[in-house]
Amino acid sequence: MATLQTLEQRIDRLEKLNEDLIKKVARANVENFYLSQRVTALEQGYEYTNPVLQTTS
């Protein structure tokens with residue numbers, strides 16, 4: 001049977017994985033919003049320069 005310390009370590013790892021996943025989902029949402037705004041601008045005939053999203057990681 002797992003010890004309390006082992007269970008706490010597993011919980012810590014799962015919390016870290018959860019935080020990382022939340023950050024990745026948030027980043028994907030930002031990129032999706034950026035692309036949808038760009039598509040909307042192009043559909044409306046605007047000239048849209050090609051700024052690149054910079055990753056911070």
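This report covers charged side chains in a predicted model.

**Salt bridges**

A search of the whole structure finds 2 salt bridges. Side chains of opposite charge can pair when their charged atoms come close. The table lists both pairs.

| Pair | N to O distance | Separation in helix α1 |
|---|---|---|
| Asp 20 and Lys 16 | 3.0 Å | 4 residues |
| Arg 27 and Glu 31 | 3.1 Å | 4 residues |

Helix α1 spans residues 4-43. Asp 20 and Lys 16 sit 4 residues apart in this helix, so about one helical turn separates them. Their side chains meet at 3.0 Å, N to O. Arg 27 and Glu 31 also lie in helix α1, about one turn apart. Their side chains meet at 3.1 Å.

Arg 27 is partly exposed at 27% relative accessibility. Glu 31 is partly exposed at 32%.

**Negative patch**

Which residues gather in a patch of negative charge on the surface? They are Glu 8, Asp 12, Glu 15 and Glu 19. One of them, Asp 12, is found in helix α1. Asp 12 has 49% relative accessibility, so it counts as partly exposed. A patch residue needs over 30% relative accessible area and no salt bridge.

Definitions and conventions: Residues are numbered from 1 along each chain as its sequence is written. This is a predicted model: local features need pLDDT of at least 70, side-chain atom pairs count only at pLDDT 80 or more; totals for chains, interfaces and linings use all residues. Side-chain values use heavy atoms; hydrogens and water are left out. Helices (H or I, at least four residues) and strands (E, at least two) are DSSP runs, numbered from the N terminus. Buried means under 20% relative accessible area, exposed over 50%, partly exposed in between (1.4 Å probe, protein chains only). Patches are made of residues with over 30% relative accessible area and no salt bridge: like charges are joined within 9 Å, nonpolar side chains (Val, Leu, Ile, Met, Phe, Trp, Tyr) within 5 Å. Accessible areas come from the Shrake-Rupley method with a 1.4 Å probe; for residues, only the protein chains shown count as cover. Lys and Arg count as positive and Asp and Glu as negative; His and the chain ends are not counted. The place of a charge is taken as NZ of Lys, CZ of Arg, CG of Asp or CD of Glu.
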